[in-house]
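Here is a briefing on one protein chain, written for reading beside the model. It takes the sheets, salt bridges and aromatic contacts in turn.

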Amino acid sequence: MIEYRNVTKTYETATSFTAINNVSFTVEKGHIVVFLGPSGCGKTTMLRMTNRLEQITHGEILINGQNISQVDEVKLRQSIGYVIQDIGLFPNKTIAENIAIVPRLLGWDKTQINQRVDELLDMVNLEPTTFRTRYPVELSGGQQQRVGVIRALAADPDILLMDEPFGAIDPINREQIQDEFLKLQSKLKKTIIMVSHDIREAIKMGDRIALFETGKVAQYDSPEVILTQPKNKFVTDFVGADRALKVLGLLHASDAMDTQPRNVVNAQSPAKDTLHFLDENHFTYGIVVEDRKPIGYVTPKGLKYENGNTGEVLEAFETNVELREPLRDTLSSMLMYNQKVLPVVDDNGDLCGSIDYIQIQKSVMNILADEEA
């Protein structure tokens with residue numbers, strides 16, 4: 001747990017400037033907290049004070065009850081993972097050497113270091129035998145970013161500080177790496193503070209958001225509360241007028257799907273039997289499954305004159321929806337592929353539900369109704 005108690009940071013220049021002004025809040029263990037706000041609001045300064053790269057003027061920061069001012073700053077930094085925006089890999093060192101920097105400083109033996117390097121590379125789907133001897137220049141931007149993250153995790157710190165870690169990556173790779181990072185966090189349960197200026201990223205990544213305004217925290221809440229119950233005009237303006245659409249990035253397919261769709265049919269069933277089933281239950285379509293996996297859909301019109309099996313006349317879904325997929329992405333897929341319904345699958349690709357426009361709308365309206373209440 002990290003506690004910020006009346007933290008103030010003042011720079012004594014020609015004119016005194018207060019970057020952080022009497023800020024207090026707590027970061028719970030195992031949570032991701034996003035420091036969000038416009039440029040110059042103090043979010044990066046607050047992050048850098050957490051590992052004493054910036055010194056506090058007044059107040060105190062406690063980690064697990066201990067004041068960080070009483071901890072040797074070198075040992076403090078070695079115990080906290082740190083990821084910066086431009087990644088900061090050493091170009092003259094191999095990937096394995098980059099990852100091993102902190103463990104070597106801590107005196108780990110060579111065997112232990114090599115095992116940790118391979119374990120971390122496997123964790124982010126970079127084959128150790130392929131990547132450990134490469135140099136940063138030989139990796140793509142997305143691969144370098146993965147290495148930057150696991151380097152910060154090399155000594156298995158409880159706390160990870162990340163200063164706009166995904167900001168320099170193209171949008172496609174950024175989404176992928178964010179998803180991978182969230183999967184990693186679900187297993188590791190680190191306490192993470194991440195600086196961002198992107199409200200969409202904060203909504204997606206954060207358990208809580210600290211929204212900064214000129215050195216103060218305007219609101220510290222869950223993404224849902226900040227979207228639906230902004231405390232003042234600054235928060236409302238920063239979140240934007242399209243708050244209802246941003247809620248789509250907060251909710252996931254699992255929040256809106258039908259977990260027990262009744263219109264599921266077997267690929268091996270005769271087409272005539274499937275047609276009878278759909279007509280009898282007034283279904284406009286059926287989700288076709290084979291070995292529990294959705295492989296397409298059929299309609300009464302498409303089945304009407306068919307004599308073979310259902311699987312022989314299906315139309316394929318353009319895409320499946322994963323349980324943790326944001327509703328924003330689900331709706332985007334529906335519009336892109338002109339499909340009113342999509343199957344929801346688990347990590348094995350097995351069908352676990354279905355989702356359509358009406359279910360998405362209801363989920364958003366339920367949250368907005370809670371706000372009004």
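Which residues do ring pairs link into a cluster? Tyr4, Phe25, Phe35, Phe212 and Tyr220 are the members. This is a predicted model, in which local features need pLDDT of at least 70, side-chain atom pairs count only at pLDDT 80 or more, and totals for chains, interfaces and linings use all residues. Residues are numbered from 1 along each chain as its sequence is written, and side-chain values use heavy atoms, with hydrogens and water left out.

**Aromatic pairs**

- The count of aromatic pairs comes to 10. Rings of Phe, Tyr and Trp (its six-membered ring) pair if their centres lie within 6.5 Å; planes under 30 degrees apart count as stacked, over 60 as edge-to-face and the rest as tilted.
- Tyrosine 4 and phenylalanine 35 form an edge-to-face pair, because their ring centres are 6.3 Å apart and their planes stand at 65°.
- Tyrosine 4 belongs to strand S1 and phenylalanine 35 to strand S3, so this pair ties together parts that are 31 residues apart in sequence. Strands (E, at least two residues) and helices (H or I, at least four) are DSSP runs, numbered from the N terminus.
- Both tyrosine 4 and phenylalanine 35 are buried. Buried means under 20% relative accessible area, exposed over 50%, and partly exposed in between (1.4 Å probe, protein chains only).
- Tyrosine 11 and phenylalanine 17 are stacked, because their ring centres are 6.4 Å apart and their planes meet at 15°.
- Tyrosine 11 is partly exposed at 27% relative accessibility. Phenylalanine 17 is also partly exposed, at 46%.

**Charges over rings**

- Arginine 208 lies over the face of tyrosine 220, 4.6 Å from the ring centre. The rule asks for NZ of Lys or CZ of Arg within 6 Å of the ring centre and within 35 degrees of the ring normal.
- The charged end of arginine 134 sits over the ring of phenylalanine 131, at 4.8 Å from its centre.

**The six-strand sheet**

- An open sheet of 6 strands runs in the order S6-S7-S8-S3-S9-S10, with mixed pairing. Two strands pair if DSSP finds at least two bridges between them.
- Its edge strands are S6 (80–83) and S10 (216–221), and each pairs on one side only.
- From one strand to the next, the twist averages 15°. Axes are lines fitted to C-alpha atoms, for helices over the stretch in contact, and angles run from 0 to 180 degrees between N-to-C directions.
- S6 and S7 (residues 159–163) run parallel and are joined by 4 bridges. Glycine 81 has leucine 160 in S7 as its bridge partner.
- Helix H7 (residues 141–152) lies across S6 and S7, at about 165° to S6.
- Helix H8 (residues 171–188) packs on the sheet and touches S3 (32–36), S7 and S8 (191–196). Contact means heavy atoms within 4.5 Å. The direction of H8 makes about 140° with that of S3.

**The three-strand sheet**

- A second open sheet has 3 strands in the order S14-S15-S16, again with mixed pairing.
- S14 (321–322) and S16 (351–356) are the edge strands, each pairing on one side only.
- S15 (residues 341–345) and S16 are antiparallel over 5 bridges. Proline 343 stands opposite serine 354 in S16.

**Salt bridges**

- There are 18 salt bridges in the structure. Each is a side-chain nitrogen of Lys or Arg within 4 Å of a carboxyl oxygen of Asp or Glu.
- Arginine 5 and glutamate 60 meet at 3.3 Å, N to O. They link distant parts of the chain: S1 (residues 2–11) and S4 (residues 58–63), with the partners 55 residues apart.
- Arginine 5 is partly exposed at 34%, and glutamate 60 is partly exposed at 25%.
- Arginine 116 bridges to glutamate 119, the closest N and O atoms being 3.3 Å apart. They are separated by about one helical turn, because they are 3 residues apart in helix H5 (residues 110–123).
- Arginine 116 is buried at 13%, whereas glutamate 119 is partly exposed at 42%.
- Aspartate 179 bridges to lysine 204, with the closest N and O atoms 2.7 Å apart. Aspartate 179 lies in H8 and lysine 204 in H9 (residues 199–205), so the pair ties together parts 25 residues apart in sequence.
- Aspartate 179 is partly exposed at 35%, but lysine 204 is buried at 14%.
- Salt bridges with shared partners join Glu175, Asp179, Arg200, Lys204, Arg328 and Asp329 into one network.
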